[in-house]
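Subject: Handing over the two-chain model

Hello,

I am passing this structure on to you. Please open it first, then read my notes below.

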Amino acid sequence: MRTFFSVYKSCISAAFARASAYRLNFLLSLAITLGFNLLFPLVTILIYSAGSSFPGWGFFEVLLIQSVFTLSNGLAGMMFGGVLWATMQHVREGSFEIVLLKPTSPLFFLISTNFDEDSLGLLVGGGALFVTAFIFADVSVLALPAFAILFAAGFCVMAGMNMLMAATSFKWVGNSRIPEIFDSIMTFGKYPLTIFPNMIRGIATFAIPVGMIAFYPATALLGGYDLKIFLVAIPCVLFMFLGVWTYRYMVRAYEGVGG
Amino acid sequence: MFPFLKKQIDVCAAVASVTFKEWGAYRSHSMVSIFVGPVFFIVQYFIWTAVFESGAMPGMELEEVIRYFAAVALIGYLVMDFADWNLSMLVRTGKFLTFALRPLNHSFFALSQKVGHRILGFLVEFVPCYFIFMFIFKIDMRPAFFGWVLISISLAFLMNFYVNYCIGLASFWVVQSQGIRSVYELLGGIFSGALIPLVFFPLPLQKLQFFLPFQYTSYVPAMVFLGKYSLGGVEISIPVIVGIQALAVAVVFMLCKILNEFAMKHSTAVGA
């Protein structure tokens, strides 16, 4: 385990060293990521500024959901975002053997060597939105531990999504639109689940638990949770394991002749 | 005049046909839209249904908003373009030199490629999604004025291409134009009306849109589809707004020509 941490730490240092060589590009990328990030609450801002709302939800409560989603997305993007593109490139070029020859797990190798420092912009933007929403929404500080547990569960969903996307690229070779499929599913997690009908709510809670990415953690922070909600963390962890298992299975299905 | 036009049409048809076959080999990539488009639409449907439950939004009724988002999704499949990325890649890798040696203007070649690419998009993205919206979601997808919608979408197609081509031309000066393309994409995401109808924006921002290219690629054709256009507190008849759109396309086309001239003079390359 210590070796894993040591390798991961070295890879993060290398990623930032690489970024610092092209500082302007890095800063621009951060700014652009941040800008794209601001698009997402724009709809909410315009809706509330026009005097409408999501029924039962105040502006800062919705902003809290969206900031939690952005934070989770940023964190998962930094850690796992590069795995899809690296896998896709290796599979398309037939060079995945290089990864297989490394003296460590292929998945761990790709995760550690593809740390995406550009997603830092999402974390910064998400963090700023979160602090704003935290100050102005009626948040219960005592619910912070519950929030942390549910946020971790949501992060498991994000990790599972990224693994599934990367695994898909073994069979659907070179399709750069794979993330669009998963992004469209995750859109349900960006808004209060209460606006959707029961069937979608059920799917987003138990089957593909995108509701856990932001809706449930934010609801916990707003004091609207009971102990049963923690049971929903189970499918999230299972979802992450499903992603890891699928990726490892697809690695075994990979065929190549040396690039 | 006519032999020249015939030659141009023949060239366009040949390039479009090859592009169609080339991308047709990867049609499953385009067919991702058959899943993604309806899923995004479902989300929009429930968002706006919930929003209108709590109160009206200025300028549009719920039914119009729902039809608007369906139209925006479908129009997106017809006008989608990545000429900027393509040109940028050709300049960066030096491959543009091979086009400079051909007896054919690259912008016309790229436009013909786009025609072929979007014919494929029409068949594998637009048609299936149209039927999904019309017969599964039961959205009334009959345009108010078929002829005007056709003209407006054609103009949006040209507008999207020429603006993207202008951005691609920036690569002759900055080589890696990713930053410029991202900024345009960001602004386009906000101001094209694909994210939210422009009529919901604050009034000064709405007025500003008449002088920016973004609304002409999405908002205008979608509103022409609905049969009514208003922005910045002004209601404009359909023929007039399509005329304004045509004027905007002409301006961008001229700008593209001028930039192209400068770019060709600035361009240097060896080998490729």
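Here is what was found, starting with the ground rules.

This is a predicted model, in which local features need pLDDT of at least 70, side-chain atom pairs count only at pLDDT 80 or more, and totals for chains, interfaces and linings use all residues. Residues are numbered from 1 along each chain as its sequence is written, chains are lettered from A and ligands numbered from 1 in the order in which they are written, and side-chain values use heavy atoms, with hydrogens and water left out.

**The interface**

Chain A and chain B bury about 2,700 Å² between them. Of that area, 79% is on carbon and sulfur atoms. Buried area is the accessible area (1.4 Å probe) that two parts lose on being put together, summed over both. Chain A gives 30 residues to the contact and chain B gives 35 residues. Contact means heavy atoms within 4.5 Å.

There is 1 salt bridge between the chains. It joins B:Glu125 to A:Arg177, with the closest N and O atoms 3.3 Å apart. The cut-off is a side-chain nitrogen of Lys or Arg within 4 Å of a carboxyl oxygen of Asp or Glu.

On the side of chain A that touches chain B, helix H2 (23-49) and helix H8 (178-186) each supply at least two residues. H2(A) gives the largest share, 8 residues. Helices are DSSP runs (H or I, at least four residues), numbered from the N terminus.

**B:Ser30**

B:Ser30 sits in helix H2 (residues 27-30) of chain B. It is buried, at 8% relative accessibility. Buried means under 20% relative accessible area, exposed over 50%, partly exposed in between (1.4 Å probe, protein chains only). Beyond its neighbours within four places in sequence, B:Ser30 is in contact with A:Arg177, B:Leu120, B:Val124 and B:Glu125.

**Cysteines**

The whole structure holds 0 disulfides over all chains. A disulfide is a pair of cysteine sulfur atoms within 2.5 Å. B:Cys166 is in no disulfide, and the nearest cysteine sulfur, that of B:Cys256, is 4.1 Å away. B:Cys166 is buried, at 12% relative accessibility. A:Cys11 is buried too, with a relative accessible area of 17%.

**Helix H5 of chain B**

Helix H5 (residues 83-93) of chain B has several buried residues, including B:Leu87, B:Met89 and B:Val91. The buried residues of H5(B) pack against helices of chain B, among them H7 (106-136) and H8 (146-169). B:Gly94 follows H5(B), and its phi is positive, near 85°.

Best wishes
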